[in-house]
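Subject: Structure handover

Hi,

Here is the structure for you to look through. My notes follow below it.

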Amino acid sequence: MLFNSYIFIFIFFPAVLIVFQILSLWAPHRFVIGWLVGSSLFFYGWWNPNYLLLILTSVIFNFTLGGFLAKKRIKVYLIWGMIVNIGSLIYFKYYGFLISNVNFLSGLNITPPDIVLPLAISFFTFQQVAYLVDAYQGITRQYGFVYYCLFVTFFPQLIAGPIVQYNKMLPQFIDYKVVRLKVRNLSVGISVFMVGLFKKTVFADHLAFYANPVFTAADKGISLSFFDSWVGAVAYTLQLYFDFSGYSDMAIGLSQAFGITLPINFYSPYKASSIIEFWRRWHITLSDFLKDRIYIPLGGNRRGLVMQHVNILITMLIGGIWHGSGWTFLLWGGVHGLFLSINHLWRYIFVARFGNIVAGSRLYYRGSQWITFTLVIVAWVLFRAQTITGIKSMYAGMLGLNGISLPVGAESCLSFIKGINPGLGISFSGMFRFICTPHEAMVLIFIALIVVWFCPNSIELFKTHPLALDQDQFLSSQEFCIQRIAWQPTVIYSLVLSFVAAVAIMFIQQESDFLYFQF
């Protein structure tokens with residue numbers, strides 16, 4: 001069951017909400033929490049009921065071990081718990097990948113078992129590993145089993161995050177004054193959900209029409225022209241943005257409807273002026289997990305400059321492989337590790353010495369944004385391509401190694417270009433071979449870029465209502481001050497958001513997975 005499906009919007013969510021309200025008024029609080037747990041498990045089991053046993057086993061195991069660690073704090077049991085959790089993740093997600101590489105290196109022909117990747121295993125594994133560490137360190141307070149179940153299985157954040165922290169969620173769950181239906185929470189929650197649905201169905205799904213054919217051709221080894229490859233890369237960059245941004249909005253909105261506040265997970269990352277800032281805005285909870293649970297325990301920047309960059313690279317390689325079982329994801333993580341190291345060195349060498357000269361320079365800031373955005377586009381090719389062949393084909397096209405093809409109709413007025421330097425490989429044989437509607441593609445990409453770069457995000461639009469945990473640290477440092485257009489419970493906003501909802505629902509032509517579901 002997907003958030004962007006009719007069965008979820010018109011049947012599942014309203015049914016869960018109605019029963020939730022009835023229980024809130026007449027039943028003990030544990031029954032309310034139990035209903036949310038049962039609904040979340042039903043939501044999870046909709047895809048494959050067989051994996052309900054896996055997530056329930058994981059929940060029972062980690063709750064029991066966490067309670068023991070909170071009392072005894074025996075390190076060997078913590079290590080054992082981490083081995084069980086990470087081992088389960090490796091088996092279900094990486095076993096086939098490991099076997100294929102063993103076969104390649106050794107010449108063997110081991111047949112890996114046919115394993116279907118359980119939904120959300122990366123998310124609930126990381127979440128519970130963090131819980132075990134916190135329990136061992138004595139910074140968690142134990143609550144009842146039903147509350148822990150909701151911490152792991154709460155359906156708005158179960159499938160694709162955010163990765164929530166035990167100490168930030170459990171105090172909300174146990175407070176019956178928080179977890180209940182309130183008119184303002186419901187109106188804000190549904191409004192934010194519909195904004196997210198609009199991003200998914202209107203932008204992300206339509207941008208996929210222009211990104212997918214290009215990457216499919218690249219993976220087949222077909223030579224791409226300069227414009228083909230760049231349009232495909234930019235279209236995917238924007239598709240992923242609106243897909244993940246839309247999901248984050250929907251998760252926050254659904255959670256708000258029940259009175260629960262999730263942590264902020266997405267905050268206009270393409271407005272970042274450095275790769276460091278990009279990772280503070282993109283998948284924020286994953287970035288925090290990697291920093292707090294991997295980078296800092298490795299030593300962070302406490303062991304000298306060389307080890308700092310080694311730790312950055314290790315952390316980003318783990319972050320890359322977390323996203324998927326393939327060399328392309330590992331390469332993507334490694335490239336971003338390299339980008340981050342260069343970014344830190346730039347700050348250490350240049351900004352520390354000459355930063356006062358460029359401080360406040362609009363040109364420097366905008367130039368940094370353009371460079372950052374371009375590097376992110378280049379790196380997303382590694383993330384999206386299915387094969388090494390696809391990566392080579394995309395990069396060859398983006399570098400212009402396969403020539404630059406201009407529209408046939410432009411030859412009469414631009415023929416002088418061919419005479420300037422025949423070696424440039426410029427031809428007039430058409431443009432966007434793998435896109436059936438190139439003009440629509442360019443219009444959609446242009447509008448999407450305007451929204452990404454210049455429009456306020458959902459946190460800013462709904463700044464009058466606390467949507468997400470820790471959002472103030474972003475709002476206070478942001479150049480936008482959206483006081484006049486910020487959401488208010490008025491007729492005008494009701495009409496505007498009703499129109500947004502109608503368009504978003506109208507564009508649900510077919511159920512399409514969120515890209516982060518595969519991770």
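Start with one term: buried means under 20% relative accessible area, exposed means over 50%, and partly exposed lies in between (1.4 Å probe, protein chains only). This is a predicted model, where local features need pLDDT of at least 70, side-chain atom pairs count only at pLDDT 80 or more, and totals for chains, interfaces and linings use all residues. Residues are numbered from 1 along each chain as its sequence is written, and side-chain values use heavy atoms, with hydrogens and water left out.

Salt bridges

A salt bridge here is a side-chain nitrogen of Lys or Arg within 4 Å of a carboxyl oxygen of Asp or Glu. The count comes to six.

D249 pairs with K199, and their closest N and O atoms are 2.7 Å apart. The pair links distant parts of the chain: D249 sits in helix α10 and K199 in helix α9 (residues 183-219), 50 residues apart. Helices are DSSP runs (H or I, at least four residues), numbered from the N terminus. D249 is buried, at 8% relative accessible area. K199 is buried too, at 13%.

K200 forms a salt bridge with D243, with closest N and O atoms 2.6 Å apart. K200 is in α9 and D243 in α10, 43 residues apart. Both are buried. Shared partners join K200, D205 and D243 into one network.

R293 bridges to D134, at 3.1 Å between the closest N and O atoms. R293 lies in helix α12 (residues 284-298) and D134 in helix α5, so the pair ties together parts 159 residues apart in sequence. Is R293 buried or partly exposed? R293 is partly exposed, at 25%. D134 counts as buried, at 8%.

Contact means heavy atoms within 4.5 Å. I252 is in helix α10 (residues 226-257). I252 is buried, with a relative accessible area of 8%. Leaving aside neighbours within four places in sequence, I252 contacts L262, I459, L467 and A468.

H336 is in helix α14 (residues 327-358). Its relative accessible area is 0%, so H336 is buried. Not counting residues up to four places away in sequence, H336 touches I275, F278, W279, M316 and A379.

Helix α2

How far apart are the end C-alpha atoms of helix α2 (residues 29-45)? They are 24 Å apart, which agrees with the 24 Å that its 17 residues should span. The expected span is 1.5 Å times one less than the number of residues. The buried residues of α2 include H29, V32 and I33.

Best wishes

Conventions. Helix = DSSP H or I, 4+ residues; strand = E, 2+ residues; numbered from the N terminus.
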